[in-house]
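Colleague: I would like to learn how to read a model like this one. Could you walk me through it, one feature at a time?

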Amino acid sequence: MSKVIKILGTGCPKCQSMTGVVKDVVSENNIEATIEKVEDIMEIMKYNVMTTPALVIDDVITIKGRIPSKDEVLALLN
Amino acid sequence: MFDWVQHIADWLVYDVLNFNKGQHLAEALNFFIYDTTKILILLFVVIFFMGIVNSYFPIDKVKNYLSRNKLYGLEYLMASLFGVVTPFCSCSSVPLFIGFVRGGIPLGVTFAFLITSPLVNEVAVGLFIGLFGIKTTVIYVISGVLLGTISGVILQKLKLDTYLTPWVKEVLATAQKEQDAFIAEKQTLSQRLPIIWDEVLKILKGVVPYVLVGIAIGGLMHGYIPEGFFEKYMAKDNLFAVPIATILAVPMYSNASGILPVAQVLVAKGIPLGTAIAFMMGVVGLSLPEAMLLKKVMTFKLIAIFFSVVTLCIIFSGYLFNLIL
């Protein structure tokens with residue numbers, strides 16, 4: 001089943017590097033997933049996060065406020 | 001504690017590179033090698049330590065604590081103290097602001113946190129210890145905490161709720177002392193360490209170029225500007241020095257880590273420490289990019305009041321330091 005990945009962040013450098021990591025992991029491992037960047041602050045606040053960037057996989061917040069490593073993202077996606 | 005670093009610097013400059021003592025270039029180079037090594041070590045230690053603290057004490061816990069407990073006025077001080085131990089990047093200031101407001105935490109208390117958190121952060125503290133020594137660092141940290149606390153109290157008294165943007169007011173209206181189900185990551189220290197380690201390296205990578213440039217400029221100035229050079233222009237009794245230094249500092253931002261080493265040399269060359277501290281607080285604590293971000297939650301008027309109150313408090317503490325130090 002295809003996963004829905006959302007990256008919450010207002011566009012700071014950290015958010016961009018998280019997006020980079022996630023995209024790499026998805027393409028390198030041929031994972032079926034859609035990646036969506038959520039930059040609108042009101043949308044972000046619906047998830048109740050206080051530190052960005054945050055990684056949301058199938059509507060579950062998995063990581064917030066830091067950039068994960070590739071291995072970490074891969075483990076979360078499997 | 002860092003004598004050995006000085007020995008290495010002396011050895012490199014005078015023995016290996018064969019410079020003569022007293023040469024301007026040699027002095028500058030020696031200063032650069034000594035300062036960079038010492039400061040990088042200190043930065044590493046402080047960032048790593050703060051990383052561990054933060055891993056066990058995340059922002060969600062802070063928020064829940066502040067919204068749950070009645071502290072009879074002490075909540076401003078608590079928020080300010082939490083600001084010290086919780087590193088935060090200015091791009092998180094908006095979600096953090098909303099999160100606090102939604103948790104029913106008063107605006108002034110939220111401000112206390114927002115002011116202290118960037119002002120007393122791990123990078124600034126690491127640099128401060130390296131450049132100015134423990135005593136000045138302790139003074140800086142304590143005054144940062146007090147500054148956040150007092151500004152928070154003042155901002156609360158001004159009753160600024162009406163100047164929030166409409167959608168934030170809506171959030172405020174539905175605010176409840178909600179306890180977000182907070183699932184603490186149950187990890188052992190050995191599981192946390194690699195993550196903390198990664199984070200430390202990332203922060204260091206981000207600031208090191210600025211620090212190096214700052215120390216290089218500082219090193220040059222150290223070698224070429226005569227002792228007491230600035231005393232003529234920025235003496236303690238010059239009433240305008242503190243406000244001018246503070247106002248110049250507010251727009252500076254991304255290069256805060258580069259400015260501190262330069263400021264240290266300015267102090268060595270005769271600028272009063274209070275004036276320099278006011279300048280550095282302006283650089284580290286207030287920034288235009290932060291103001292731009294806050295526009296999403298505050299009207300222009302509120303941002304202007306917020307920045308003015310903090311700027312005034314910084315100027316005041318600058319005068320105070322010049323008086324007591």
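Predicted model: local features only at pLDDT ≥ 70, side-chain atom pairs only at ≥ 80, totals over all residues.

Colleague: Which residues is Met280(B) in contact with, leaving aside its neighbours within four places in sequence?

Modeller: Those are Leu260(B) and Ala263(B). Met280(B) itself sits in helix H12 of chain B; helices (H or I, at least four residues) and strands (E, at least two) are DSSP runs, numbered from the N terminus. Its C-alpha atom is 9.8 Å from that of Met252(B), 28 residues away along the chain.

Colleague: Is Met280(B) buried or exposed?

Modeller: A residue is buried if 20 or more other C-beta atoms lie within 10 Å of its own, exposed if 12 or fewer, and partly exposed in between, with C-beta atoms placed from the backbone. Met280(B) has 29 such neighbours inside 10 Å, so it counts as buried.

Colleague: How is a pair of packed helices described?

Modeller: By the angle between their axes and the distance between the axes. Axes here are lines fitted to C-alpha atoms, for helices over the stretch in contact, and angles run from 0 to 180 degrees between N-to-C directions. In chain B, the axes of H12 (residues 273-285) and H14 (residues 300-324) come within 7 Å and cross at roughly 155°. H12(B) and H14(B) are therefore roughly antiparallel (the label for angles over 145 degrees; under 35 is roughly parallel, 65 to 115 roughly perpendicular and the rest oblique).

Colleague: Which residues meet where H12(B) and H14(B) touch?

Modeller: From H12(B) they include Leu273(B), Ile277(B) and Met281(B), and from H14(B) they include Val310(B), Ile314(B) and Phe321(B). By class, this contact has 10 nonpolar, seven polar and no charged residues. Ala, Val, Leu, Ile, Met, Phe, Trp, Tyr, Cys and Pro count as nonpolar, Asp, Glu, Lys and Arg as charged, and the others, Gly among them, as polar.

Colleague: What about chain A: how many helices and strands does it have?

Modeller: Chain A has three helices and four strands, in the order β-α-β-α-β-β-α from the N terminus. Of its 78 residues, 36% count as buried.

Colleague: Where should I look for backbone details in chain A?

Modeller: Between helix H2 (41-45) and strand S3 (54-57) of chain A lies Pro53(A), and the peptide bond from Thr52(A) to Pro53(A) is cis, with omega near -5°. Asn30(A) is not a glycine, yet its phi is positive, about 50°. Asn30(A) belongs to the loop between helix H1 (13-28) and strand S2 (33-38) of chain A, and is exposed, with 7 other C-beta atoms within 10 Å. Asp58(A), also a residue other than glycine, has a positive phi near 45°; with 13 other C-beta atoms within 10 Å, Asp58(A) is partly exposed.

Colleague: How many residues does each chain bring to the contact between A and B?

Modeller: Chain A gives 16 residues and chain B gives 18. On the side of chain A, H2(A) supplies the largest share, four residues.

Key. Residues numbered from 1 in each chain as written. Chains lettered and ligands numbered in written order. Contact = placed C-beta atoms within 7 Å.
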